[in-house]
Amino acid sequence: MQGKIVKGIAGFYYVHVVESGVYECKAKGIFRKDGVKPLVGDNVEIEVLDEDTKTGNIREILTRKNELIRPAVANIDQALVVFAVTKPKPHFNLLDRFLVMMEQKKIPVILCFNKSDIAKEDDISKMEEVYRSCGYPVFFTSAKEGWNIGEVKKILYGKTTVLAGPSGVGKSSLINLLQSEVTMETGSISRKIDRGKHTTRHSELLVLEEEEDITDYGSYIVDTPGFSSLYVNDFEKEQLKYYFPEFEPYEGTCRFSGCDHVHEPDCAVKQAVEEGKIHKIRYDDYVAMYRELQEKRRY
Ligand code: GDP
Ligand code: ZN
């Protein structure tokens, strides 16, 4: 039987199998056999030991598509980056850092601006303009009023999505709206685990509601604290431009080949910023991050 590890604690792995629920599994001998330790998000082959107590053994870890270190999760399909349109006002620099990080890891991003019920029309259209022009899908939701929740649900179907964003923007409220009866099942298991002495929070996949006939794959969300502030640090400043998708049409058209679009003359990207084809907010964040990477290298 095939399933996905949704939680791992103290040598036990909780494997969700679409249609039959969650199994508590051990992974004896896996490390010796495959040389890898099971990770939340791993797709695994299990052998059921007892259907009544829902216990089993992990027999094999299927090939990983990718792996995030913090949170430690495998097989991420996409990221839902959540910010509020207002209250708190979006911290564009932080948002752009999330986007750079996901670009670097080649994880597709969907942007969700929540609290659209209390936002001004102007703020909404500004954000829409800035980020849609970079090529990101953008949704405006209201967890309070239930606006656009169905649309967001649809893009999560059959995928494993990492949820990222600062606190206070409505992530928990959104998750509550997206969760389901299947989750209740995993919920009871969570309660069982929580009675133990483990207080550190591990990454965990939440199982989302499945509507009939939509998919044979489960839909999962990763919600992890410690994913709310980020430093750009594990690449060279010359790489940064490749993580701003809207710069791409201008690559190779600056006067200097290898132009970093910062202080070089006759730069096509700077020209595009002046002409309003690239947003100044984005460009300024690019320069700020570039300088940070530059500073770091000096030490
Ligand atoms: P989290 O820290 O990102 O998980 O945010 P929460 O879900 O805890 O929400 C933070 C606060 O914003 C709470 O007081 C929510 O009631 C409120 N909130 C969440 N979503 C919305 C929304 O769509 N509209 C409005 N007006 N308030 C919201
Ligand atoms: Zn340039």
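What spacing do the donors of the zinc ion (ligand 2) follow along the chain? The pattern is C-x4-C-x1-H-x5-C. Keep in mind that this is a predicted model.

Start at the metal. Four protein atoms hold the donor positions: SG of Cys254, SG of Cys259, ND1 of His261 and SG of Cys267. They lie 2.1 to 2.4 Å from the zinc ion (ligand 2). The angles between these donor atoms run from 103 to 115°, so the arrangement is tetrahedral. For four tetrahedral donors, the ideal angle is 109.5 degrees. Now look at accessibility. His261 has a relative accessible area of 1%, so this residue is buried. Cys267 is buried too, at 5%.

Next, turn to the nonpolar cores. Nonpolar side chains tend to be buried together in soluble globular proteins. The largest nonpolar core here has 49 residues. Within this core, Ile58, Leu95, Leu111, Phe113 and Tyr131 touch the most other members. Helix H2 (residues 92-104) is the top contributor, giving 7 residues. Both domain 1 (2-62) and domain 2 (68-223) supply at least three residues each to this core.

Setting aside neighbours within four places in sequence, its contacts include Ile5, Tyr13, Val15, Ala27 and Ile46. Lys26 and Glu45 are also among them. A second core stands separate, with 22 residues. Among them are Phe235, Val269, Met289 and Tyr290.

Finish with another histidine. His16 sits in strand E2 (residues 12-17). Is His16 buried or exposed? Its relative accessible area is 6%, under the 20% cut-off, so His16 is buried. The side chain of His16 makes a polar contact of 2.7 Å with that of Tyr220.

Methods: Residues numbered from 1 in each chain as written. Chains lettered and ligands numbered in written order. Predicted model: local features only at pLDDT ≥ 70, side-chain atom pairs only at ≥ 80, totals over all residues. Heavy atoms only, no water. Helix = DSSP H or I, 4+ residues; strand = E, 2+ residues; numbered from the N terminus. Buried < 20%, exposed > 50% of the residue type's maximum accessible area, 1.4 Å probe, protein only. Polar contact = N/O pair within 3.5 Å; in protein donor to acceptor, adjacent residues only side chain to side chain. Core = buried A, V, L, I, M, F, W, Y, C linked by side-chain atoms within 4.5 Å. Domains from an automatic or database assignment. Contact = heavy atoms within 4.5 Å. Donors = N, O, S within 2.8 Å, 3.2 Å for Na, K, Ca; no water. Tetrahedral: all angles 85-135°; square planar, octahedral: opposite > 155°, others 65-115°.
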